[in-house]
Amino acid sequence: MAKMQFSIFIAVAFIVFSASTNAKTASPPAPMLPPTPAPAPAPHHVNLTELLSVAGPFHTFLDYLLSSGVIETFQSQANNTEEGVTIFVPKDDAFKAQKNPPLSNLTKDQLKQLLLSHALPHYYSLSEFKNLSQSGPVSTFAGGQYPLKFTDVSGTVRIETLWTRTKVSSSVFSTDPVAVYQVNRVLLPEAIFGTDVPPMPAPAPAPVVSSPSDSPSADSDEANASSPKSSHKNSAQTLALAPVAMVVSGLVALFL
């Protein structure tokens, strides 16, 4: 019996000793790490082809951008740079009205430069054109030989080249880094079309407005209106005096 109790005691002691040893050698729990933040969402890129397809009557300009590959230049500038892009888009009617000089005579390279000259390699909101107008001609995507001159008159942005004078007629899209503005004319650069600008047609003469002194006056109208009455009155007086004259003439004849 004593041996059995001693054996149990030894077994319990061994178990306690083993447990204490394992507790000492066990590795401490791993520290709690803060949760990994979610990755930032990818920036939203404006698809210029889709925008110009649905935003307005810009099909002619868009067709030129696609056929020349210039749309890829503008899209890369919008997506991959911090500067952004500002594009001036002529309406379809502007291309239809462009007769002199004709665009059909341009080479592929000239057409590409023409399209590039319709954009600035920087994003500009409408309010920024006021300061931009004070900095002189601004280089376009086509380079320093294809500048645009801006003026801001009471919030109306006007654009000039040697051949073209027009204005920003509406804001199609303006959220950094992309600005698209509608213009009413095709921007013709001097570097392509030269300096021999045909004279502008003379403005139509203003309509001649007669002065009050040239128009019949009320007094003359009244005089003309009253003249028949005066003639009728004089004729009635003449008829009334005719018998008296005959009597006088008869008396004179008797005395003679």
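**A chat about this predicted model**

Q: Let's start with Ser 154: does it count as buried or exposed?
A: Ser 154 counts as exposed, because its relative accessibility is 77%, and please keep in mind throughout that this is a predicted model.

Q: OK, and where is the place of Ser 154?
A: Ser 154 sits in the loop between β4 and β5, the latter being residues 156-160. Its phi is near 55°, which is a positive value in a residue other than glycine. Most residues other than glycine have a negative phi.

Q: What about the peptide bonds, then: is the one from Asp 176 to Pro 177 cis or trans?
A: That bond is cis, with omega near 20°, and Pro 177 belongs to the loop between β6 and β7, where β7 covers 178-183. There is also a cis peptide bond joining Asn 100 and Pro 101, with omega of about 0°, and Pro 101 lies in the loop between α5 and α6. For background, most peptide bonds are trans.

Q: Going back a bit, what does Thr 166 in β6 look like?
A: Thr 166 is placed in strand β6, residues 165-175, and it counts as buried because its relative accessibility is 8%, with the cut-off for buried being under 20%. Leaving aside neighbours within four places in sequence, Thr 166 is in contact with Arg 158, Ile 159, Val 183, Asn 184, Arg 185 and Leu 187.

Q: And how many Å apart are Thr 166 and Val 186 in space?
A: Their C-alpha atoms are 8.6 Å apart, while the two residues are 20 residues apart in sequence.

Q: Switching to helices: which residues of α3 are buried?
A: In α3, which runs over residues 59-68, the buried residues are Phe 61, Leu 62 and Leu 65. These residues are on the same side of α3, because they cover an arc of only 100° around the axis.

Q: What do those buried residues of α3 pack against?
A: They pack against α2 (48-54), α4 (70-80), β1 (85-90), α5 (92-97) and α6 (108-116). Just after α3 comes Gly 69, which takes a positive phi of about 85°.

Q: Now pockets: what volume does the second largest pocket have?
A: The second largest pocket has a volume of about 150 Å³. Its lining includes Pro 137, Tyr 146, Glu 160, Leu 162 and Ala 191, and the elements that give two or more residues to that lining are β4 (143-153) and α8 (190-193). The largest share, 5 residues, comes from β4.

Q: How do the lining residues of that pocket divide?
A: They divide into 7 nonpolar, 2 polar and 3 charged residues.

Q: Zooming out, how many helices and strands are in the chain?
A: The protein chain has 9 helices and 7 strands, and buried residues make up 27% of its 256 residues.

Q: Last one: what is the mean pLDDT of the chain?
A: The mean pLDDT is 78, and 60% of the residues reach 70 or more. Over residues 215-233 pLDDT stays under 50, and the model has 1 contact beyond four places in sequence for that stretch. Over residues 251-256 pLDDT likewise stays under 50, with 0 contacts beyond four places in sequence.

Definitions and conventions:
Residues numbered from 1 in each chain as written. Predicted model: local features only at pLDDT ≥ 70, side-chain atom pairs only at ≥ 80, totals over all residues. Heavy atoms only, no water. 1 Å grid on protein atoms, 1.4 Å probe; cavity = no way out; pocket = protein on both sides within 12 Å on 5 of 7 lines; lining within 4 Å. Points joined across faces, edges and corners; volume = space filled by probe spheres on them. Helix = DSSP H or I, 4+ residues; strand = E, 2+ residues; numbered from the N terminus. Nonpolar A, V, L, I, M, F, W, Y, C, P; charged D, E, K, R; others polar. Buried < 20%, exposed > 50% of the residue type's maximum accessible area, 1.4 Å probe, protein only. Arc of directions from axis to C-beta. Contact = heavy atoms within 4.5 Å. pLDDT = per-residue confidence, 0-100.
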